[in-house]
Amino acid sequence: MTSTTPSSDAVLDVQNLVKHFPLTTGIVFKRHVGSVQAVDGVSFELRKGETLGVVGESGCGKSTLAKLLMRLEEPTSGRVMYNGENIYDLRGKALREMRRKIQIVFQDPYSSLNPRMTVGDIVGEPYEIHPEAAPKGQRRAKVQELLDIVGLNPEHINRYPHQFSGGQRQRIGIARGLALRPDVIICDEPVSALDVSVQAQVVNLLESLQDEFGLSYIFIAHDLSVVRHISDRVAVMYLGRVAEIGSDAQIYEKPTHPYTQALLSAVPVPDPSVRGQRQQILLSGDVPSPASPPSGCRFRTRCWKATDLCAEQTPELVVRPGSDHESACHYADVREDVVVHH
Ligand SMILES: Nc1ncnc2c1ncn2[C@@H]1O[C@H](COP(=O)(O)OP(=O)(O)OP(=O)(O)O)[C@@H](O)[C@H]1O
Ligand code: SF4
Ligand SMILES: [Mg+2]
């Protein structure tokens with residue numbers, strides 16, 4: 001529902017993407033009793049060489065969106081344009097090529113790595129699936145080069161995942177993601193399972209790889225403070241939709257959507273002298289079920305500004321008067337008393 005036309009440097013152009021999972025009851029006679037609206041009309045573009053952060057609470061559809069962008073899930077409707085083609089229309093060779101060029105790095109570096117495979121086999125596995133990417137005789141050297149690139153010792157190629165720390169295992173996952181020289185890497189909470197001190201190292205690694213290989217990233221996290229450092233732009237999701245999207249500065253310094261404002265107000269501030277000047281917004285109630293989302297604006301059951309209009313009309317994601325970026329709120333208004341100043 002964005003009003004913008006894709007810029008020429010868009011790598012991915014996501015258009016009104018919808019994924020509803022059927023809800024069924026019964027074991028033998030499955031009856032369709034509704035649907036989980038995991039992703040419901042998401043549009044944005046990912047530009048070449050940029051990092052788009054995607055944030056939102058648990059269950060708002062971030063991982064479903066990630067899987068849709070990789071075509072690990074088929075959408076209910078909508079399109080994802082990559083190199084001028086809708087990825088859901090691709091077949092055969094073109095589909096294989098897309099699968100090389102769009103890679104994913106998962107949250108949990110342990111469960112996403114097969115414990116019975118050596119690091120060399122894990123990082124080299126994409127070459128088994130895409131043998132054209134590296135001749136057999138060169139694979140070991142390529143894997144060792146990848147280990148070196150992500151800051152691991154190439155001599156540890158025969159070790160197993162349990163012989164590495166959490167941060168090192170995430171580096172293994174990143175090396176595997178790089179093996180096929182992708183254009184785009186979808187990072188689904190890549191540092192959420194790591195210690196804070198290790199998070200920064202992995203984020204720094206991702207940033208240096210981005211510069212070196214001209215990668216574009218979708219960087220998913222549930223926490224606004226984690227994506228701030230790495231993102232050029234940020235999309236805030238709520239219950240399957242984008243609430244607000246803009247540059248780093250627009251989202252963190254001039255938030256206009258009440259949900260973004262509430263998330264920002266909850267970001268802890270280490271410096272006590274600035275703490276007192278910030279407003280804390282405590283949201284009442286829980287996130288509604290995506291199987292029966294509220295009518296109109298999905299945030300209205302927790303929004304202190306909600307009116308009848310919010311229940312009747314779905315707010316479109318558009319640039320509103322007095323603001324310079326897109327917000328899906330009828331009453332979008334810049335609020336600076338929740339902002340974390342650096
Ligand atoms: N295969 C599936 N079948 C049915 N419902 C699903 C399926 N996958 C996800 N869902 C539902 O879709 C919604 C969005 O889930 P998703 O995993 O995308 O959220 P998320 O934002 O990644 O959450 P988290 O922060 O916890 O990882 C949830 O309500 C989830 O239960
Ligand atoms: S549209 Fe209404 S309910 Fe939704 S965020 Fe804006 S004010 Fe709140
Ligand atoms: Mg998830």
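How many nonpolar, polar and charged residues make up the shell around ligand 2?

**Entry 1: basis.** I worked from a predicted model, in which local features need pLDDT of at least 70, side-chain atom pairs count only at pLDDT 80 or more, and totals for chains, interfaces and linings use all residues. Residues are numbered from 1 along each chain as its sequence is written, while chains are lettered from A and ligands numbered from 1 in the order in which they are written.

**Entry 2: ligand 2.** I found nine nonpolar, two polar and two charged residues in the shell. Here Ala, Val, Leu, Ile, Met, Phe, Trp, Tyr, Cys and Pro count as nonpolar, Asp, Glu, Lys and Arg as charged, and the others, Gly among them, as polar. Of the 13 residues around ligand 2, those that come nearest are Cys 297, Arg 300, Cys 303, Cys 310 and Cys 329; a residue is near if its C-beta atom, placed from the backbone, lies within 6 Å of the molecule.

**Entry 3: helix H1.** I looked up the burial of H1 (residues 62-69) and noted that seven of its eight residues are buried. Helices (H or I, at least four residues) and strands (E, at least two) are DSSP runs, numbered from the N terminus. Buried requires 20 or more other C-beta atoms within 10 Å of the residue's own, exposed 12 or fewer, and partly exposed lies in between, with C-beta atoms placed from the backbone. Leu 65, Leu 68 and Leu 69 are among the buried residues of H1. Arg 71, which follows H1, has a positive phi, near 60 degrees.

**Entry 4: helices H5 and H6.** I recorded an angle of about 20 degrees between H5 (residues 166-178) and H6 (residues 196-213), with their axes 10 Å apart. Axes are lines fitted to C-alpha atoms, for helices over the stretch in contact, and angles run from 0 to 180 degrees between N-to-C directions. H5 is therefore roughly parallel to H6, a term for angles under 35 degrees. The contact (C-beta atoms, placed from the backbone, within 7 Å) includes Ile 174 and Leu 178 of H5 and Leu 205 and Leu 209 of H6. I counted its residues as six nonpolar, four polar and one charged.

**Entry 5: Arg 335.** I located Arg 335 in the segment after strand S12 (326-327). Arg 335 counts as partly exposed because it has 18 C-beta neighbours inside 10 Å. Apart from neighbours within four places in sequence, Arg 335 is in contact with Pro 255 and Gln 261. Arg 335 and Pro 255 are 80 residues apart in sequence, yet their C-alpha atoms are 6.1 Å apart in space.

Note on methods
Two residues are in contact if their C-beta atoms, placed from the backbone, lie within 7 Å. Angles under 35 degrees count as roughly parallel, over 145 as roughly antiparallel, 65 to 115 as roughly perpendicular and the rest as oblique.
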